[in-house]
Amino acid sequence: MRIVGGEFSSRKIDAPKGLETRPTLDKVREAVFSSLGSSFEGGAFLDLYAGSGANGLEALSRGMDTAVFVDVSYEACGVIRSNIASLGVKERTRVLKMKDLKALELLKEEGLKFSIVYLDPPYSRQHNDLILEKLVEYDLLEDDAYAVIESAKEDSFEQTFGTLKPVRDRIYGITRITYYRNQKEEM
């Protein structure tokens, strides 16, 4: 695996061993991050179900100020920390070894807000609708923030969650990428 763009372009990163983690393919990550374009001019990135941390590290490489990585696996968190150290971005990152909903509650209590949230749960254990609801309920999103869901191509996400509305949907091989944007209601 490697970082595909920005400051750390072409730098190699590690992925956890085994089949528990399904890293985002470089070509899919390139397409996602290119489509978000100027969204990486500062701000905070939340890499939920982080695995190797590739998505959050890609965001830092492209200009995000900070990234929070959440994963329930000890091995994944170890690999994320190793990748963070190899890129020298420890002061811009935070790794939380905990379940998704517990992490969102903690981030809410801390009053954090994110410019981009990337959801890449294990396909068989996803509950993206609940996560999107909590992002809005807990006020974890900046105005115009994106929530990006990586899922199996058979999945479909069309529902609106308060101010969080679906804006784009793309399929890359067996992967579907769905983009939501936090859009305040017009008066």
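Two strands pair if DSSP finds at least two bridges between them. Strands (E, at least two residues) and helices (H or I, at least four) are DSSP runs, numbered from the N terminus. The model is predicted: local features need pLDDT of at least 70, side-chain atom pairs count only at pLDDT 80 or more, and totals for chains, interfaces and linings use all residues. Residues are numbered from 1 along each chain as its sequence is written, and side-chain values use heavy atoms, with hydrogens and water left out.

**Figure 1. Strand β4 and its two partners.**
Strand β5 (residues 141–152) runs parallel to β4, and 5 bridges join them. Here V117 stands opposite A147 of β5. β1 also pairs with β4 in the parallel sense, over 4 bridges. How many of the 6 residues of β4 are buried? The count is 6 of the 6, so β4 is largely enclosed by the rest of the structure. Buried means under 20% relative accessible area, exposed means over 50%, and partly exposed lies in between (1.4 Å probe, protein chains only).

**Figure 2**
The open sheet has 7 strands, in the order β3-β2-β1-β4-β5-β7-β6. Its pairing is mixed. Which strands form the edges? They are β3 (93–97) and β6 (164–172), each pairing on one side only. From one strand to the next, the twist averages 15°. Axes are lines fitted to C-alpha atoms, for helices over the stretch in contact, and angles run from 0 to 180 degrees between N-to-C directions.

**Figure 2. Strands β2 and β3, with helix α3.**
Strand β2 (residues 66–71) runs parallel to β3, joined by 5 bridges. F69 stands opposite V95 in β3. Helix α3 (residues 74–87) lies across β2 and β3. The direction of α3 is at about 170° to β3.

**Figure 3. Helix α2 against the sheet.**
Helix α2 (residues 54–61) packs on the sheet. α2 touches β1 (44–48), β2, β3 and β4 (114–119). Contact means heavy atoms within 4.5 Å. The directions of α2 and β1 make an angle of about 165°. Because 8 of the 8 residues of α2 are buried, this helix is largely enclosed by the rest of the structure. Among them are A54, N55, L57 and E58. Just after α2 comes G63, with a positive phi of about 125°.

A salt bridge is a side-chain nitrogen of Lys or Arg within 4 Å of a carboxyl oxygen of Asp or Glu. The count by this rule comes to 7. E30 forms one with R62, and their closest N and O atoms are 2.9 Å apart. The pair links distant parts of the chain, 32 residues apart. E30 belongs to helix α1 (residues 26–36), whereas R62 sits in the loop between α2 and β2. E30 is partly exposed at 29% relative accessible area. R62 is partly exposed too, at 22%. A network of salt bridges links R29, E30, E58 and R62.

**Figure 4. Salt bridge R94–E110.**
R94 forms a salt bridge with E110, and their closest N and O atoms are 2.6 Å apart. Where do the two residues sit? R94 is in strand β3, and E110 is in the loop between α4 (100–109) and β4. They are 16 residues apart and link distant parts of the chain. R94 is partly exposed, with a relative accessible area of 29%. E110 is partly exposed, with 37%.

**Figure 5. Salt bridge K134–E137 in helix α5.**
K134 and E137 form a salt bridge, with 3.3 Å between the closest N and O atoms. Both residues lie in helix α5 (residues 128–137). They are 3 residues apart, so about one helical turn separates them. Is K134 buried or exposed? K134 is buried, at 18% relative accessible area. E137 counts as exposed, at 53%.

**Figure 6. The chain around these views.**
The chain has 5 helices and 7 strands. Along the sequence they follow the pattern α-β-α-β-α-β-α-β-α-β-β-β. Of the 187 residues, 50% count as buried. The C-alpha atoms fill a box of roughly 45 × 35 × 30 Å, taken along the principal axes.
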